[in-house]
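The entries follow the order in which I took them.

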Amino acid sequence: SGYGLYAECGRSVLHLCNGKTSYWDAQIVDASTYFDLGSLTKVVLTTSALARAYDRGEFKLDDSISRWVPELKKVPPGRFQIGHLLSHASGIRAWMPIYLELKGGNLLQWFRHNADLLVENNPLFYAKYSDLGFLLLGFVLEKIWGGVQEAWEREVRGPLKLSGIGFTPLDPSLKVMATEYCLHRKRVIHNEAFDENCAALGGVASHAGLFSSSQALAPWCREWLSAVSGNSSWLSQKTALLFTRKSQFVPDSTWAFGWDTRSPAFSSAGNFLSMSAFGHLGYPGCSVWLDP
């Protein structure tokens with residue numbers, strides 16, 4: 001077990017690494033070690049790409065999914081709005097074991113087949129964090145850019161010249177942190193997505209799949225902070241502020257559009273970041289928080 005922590009405040013930089021990449025080898029965690037980002041993929045990739053598309057006027061937050069995916073027009077998921085999905089306020093279930101019945105990686109077929117099981121409540125009834133909602137947003141990525149990985153390359157990795165971030169399998173020569181034993185796959189997961197649904201989709205998905213070292217995320221973090229302060233050519237300040245402030249759809253929810261914000265108490269951001277901070281968590285253990 002090990003960790004990597006990278007932080008910046010003005011010109012001050014803190015970079016701490018410790019531990020080993022797994023229990024069975026002697027690779028020491030350092031600045032170049034890759035970690036499974038899990039759900040940080042939701043903000044690093046999906047939220048970032050959609051924010052850029054929104055900036056260009058390519059969709060509206062009240063667009064229904066069926067506008068982008070006509071195949072879902074006659075089933076309940078088709079009525080979900082992009083803004084509600086981004087802010088986890090659509091009423092869709094949090095998670096389902098898609099990997100148990102995914103045939104040939106056809107996610108759209110799975111959504112159509114299970115459409116009646118996906119809706120838990122009316123939109124805006126409450127906020128419930130949902131992987132399924134972000135998988136639906138993946139269809140929007142596919143319609144706009146031709147695929148999830150294409151959206152990543154064209155809107156995030158390419159424009160920001162990011163390195164040290166990518167989908168698996170990573171080059172065997174790289175240091176990759178193991179996650180944990182997977183009961184379904186009956187092995188310790190190493191250099192592949194721990195998320196079972198992501199793994200069933202080939203390791204590339206709109207809700208999980210990216211791997212990164214801690215320091216490699218820094219340029220992306222800086223760009224979001226620059227956008228919020230109005231100093232970015234990658235994303236406008238108006239869109240950055242919209243996506244990083246509470247959506248107001250559900251009064252007691254901390255969710256913005258894709259991003260989470262600080263709760264008044266017991267926030268994973270701790271006690272010292274301001275209430276303007278925004279961030280996200282990932283199931284394998286990673287998190288990111290940015291404070292303007």
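I began with the term: a cavity is a set of grid points where a 1.4 Å probe fits but cannot get out. The model I worked from is predicted.

**Cavity.** I counted one cavity of 30 Å³ or more by this rule. I noted a volume of about 40 Å³ for the largest cavity. Its lining consists of Leu85, His88, Ala89, Ser90, Gly91, Ile92, Tyr126, Lys128, Ser130 and Gly133. Sorted by class, I have five polar, four nonpolar and one charged residues in that lining.

**Largest pocket.** I then turned to the open sites. The largest pocket has a volume of about 1,100 Å³, and 36 residues line it. Nearest its centre I found Leu5, Tyr6, Ser287, Val288 and Trp289. I asked which elements give two or more residues to the lining of the largest pocket. They are strand S1 (2–9), strand S3 (35–36), helix H8 (218–228) and strand S10. S1 gives the largest share, eight residues. By class I noted 22 nonpolar, nine polar and five charged residues in the lining of the largest pocket.

**Second pocket.** The second largest pocket has a volume of about 260 Å³. I have 13 residues for its lining, and Trp95, Asp131, Asp195, Glu196 and Tyr283 lie nearest the centre. The lining of the second largest pocket divides into seven nonpolar, three polar and three charged residues.

**Sheet with S10.** S10 had come up in the lining of the largest pocket, and I followed it into its sheet. The sheet is open, with three strands in the order S8-S9-S10 and antiparallel pairing. Strand S8 (260–261) and strand S10 (287–290) each have a single partner strand and stand at the edges, so one side of each has no neighbour in the sheet. Strand S9 (residues 278–281) is joined to S10 by four bridges, and the two run antiparallel. I also noted that Leu281 stands opposite Ser287 in S10. Ser287 is one of the residues nearest the centre of the largest pocket.

**Helix pair.** Last, I looked up how helix H1 (residues 41–55) packs with helix H9 (residues 237–244). Their axes are 10 Å apart, at an angle of about 135°. That angle makes H1 oblique to H9; angles over 145 degrees would count as roughly antiparallel. I recorded the crossing of H1 past H9 as right-handed.

Conventions:
Residues are numbered from 1 along each chain as its sequence is written. This is a predicted model: local features need pLDDT of at least 70, side-chain atom pairs count only at pLDDT 80 or more; totals for chains, interfaces and linings use all residues. Side-chain values use heavy atoms; hydrogens and water are left out. Two strands pair if DSSP finds at least two bridges between them. On a 1 Å grid over the protein atoms alone, a cavity is a set of points where a 1.4 Å probe fits but cannot get out, and a pocket is an open set with protein on both sides within 12 Å along at least five of seven lines; lining residues have an atom within 4 Å of a point. Grid points are joined across faces, edges and corners, and a volume is the space filled by probe spheres set on the points. Ala, Val, Leu, Ile, Met, Phe, Trp, Tyr, Cys and Pro count as nonpolar, Asp, Glu, Lys and Arg as charged, and the others, Gly among them, as polar. Axes are lines fitted to C-alpha atoms, for helices over the stretch in contact, and angles run from 0 to 180 degrees between N-to-C directions. Angles under 35 degrees count as roughly parallel, over 145 as roughly antiparallel, 65 to 115 as roughly perpendicular and the rest as oblique. A crossing is left-handed if the near helix is turned anticlockwise from the far one by less than a right angle, and right-handed if clockwise.
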